[in-house]
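Hi,

Here is the structure I promised to pass on. Have a look first, and my notes on what turned up follow below.

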Amino acid sequence: MDDKQLIKLSPGELVDLGICPTCFNRKHNGAIFGDNSDKLLYEDHEIECFFVGNPRADGHMCISTIDHYHDMSEAPDYINEKIIRFAKQFMIIIKEVYQCERVYMCTMCDGPNNHYHIQLIPRYSYEKRGSKNFVKERHNYIYDEAKFRQVKSLLNEYLLKNR
């Protein structure tokens, strides 16, 4: 199958063919998941942090490795440590900006060729506690310029303090 045919497949179909959808998407300039420039909060040569395009809650974020690792067990310790530091800071920021009660962290890199990432899913005070928050119905991402700028500003403050 050539790339033009592969672009028409779903992420699950790509995984079943042994192709990482995240790596394929990067190689083909957003062909699978679209342009995420309105969601991207941070990127360097090791990780990227962005709002999820089909979130389970407002403020739902993802931290992903740039290089392909199936999961945490394959990634170098320094990258895992970096992801955890960023996750902690984003949890603090999400609670402040989105006024949620908690932020759950999960990773589910379970496909035969998935890409290591973690998700930060806010839980609001009006929602029940527990694991059902990991499978809340998804909705479309709605860009909120004020909140996006506030999250980036708080992240930049953190980055400046921790250089």
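Let's start with L120, which touches G59, H60, M61, I63, A87, F90, M91, I94, V103, Y104 and M105, leaving aside residues up to four places away in sequence (a contact is heavy atoms within 4.5 Å). Before going on: this is a predicted model, where local features need pLDDT of at least 70 and side-chain atom pairs pLDDT 80 or more, while totals for chains, interfaces and linings use all residues. Numbering runs from 1 along each chain as its sequence is written, and side-chain values use heavy atoms, without hydrogens and water.

L120 also belongs to the largest nonpolar core, which has 32 residues; along with I63, F86 and F90, L120 touches the most other members. Such a core is a set of buried Ala, Val, Leu, Ile, Met, Phe, Trp, Tyr and Cys residues joined through side-chain atoms within 4.5 Å, buried being under 20% relative accessible area with a 1.4 Å probe, protein chains only. Helix α4 (77-98) gives the most to this core, nine residues. Helices are DSSP runs of H or I, at least four residues, numbered from the N terminus. There is a second, separate core of five residues, L6, L9, F24 and I32 among them.

As for the pockets, 35 residues line the largest, with T22, N25, F33, F50 and C62 closest to its centre. A pocket here is an open set of points on a 1 Å grid over the protein atoms alone where a 1.4 Å probe fits, with protein on both sides within 12 Å along at least five of seven lines, and lining residues have an atom within 4 Å of a point. Helix α3 gives the most to that lining, with four residues.

Cheers

Key
Helices (H or I, at least four residues) and strands (E, at least two) are DSSP runs, numbered from the N terminus. Buried means under 20% relative accessible area, exposed over 50%, partly exposed in between (1.4 Å probe, protein chains only).
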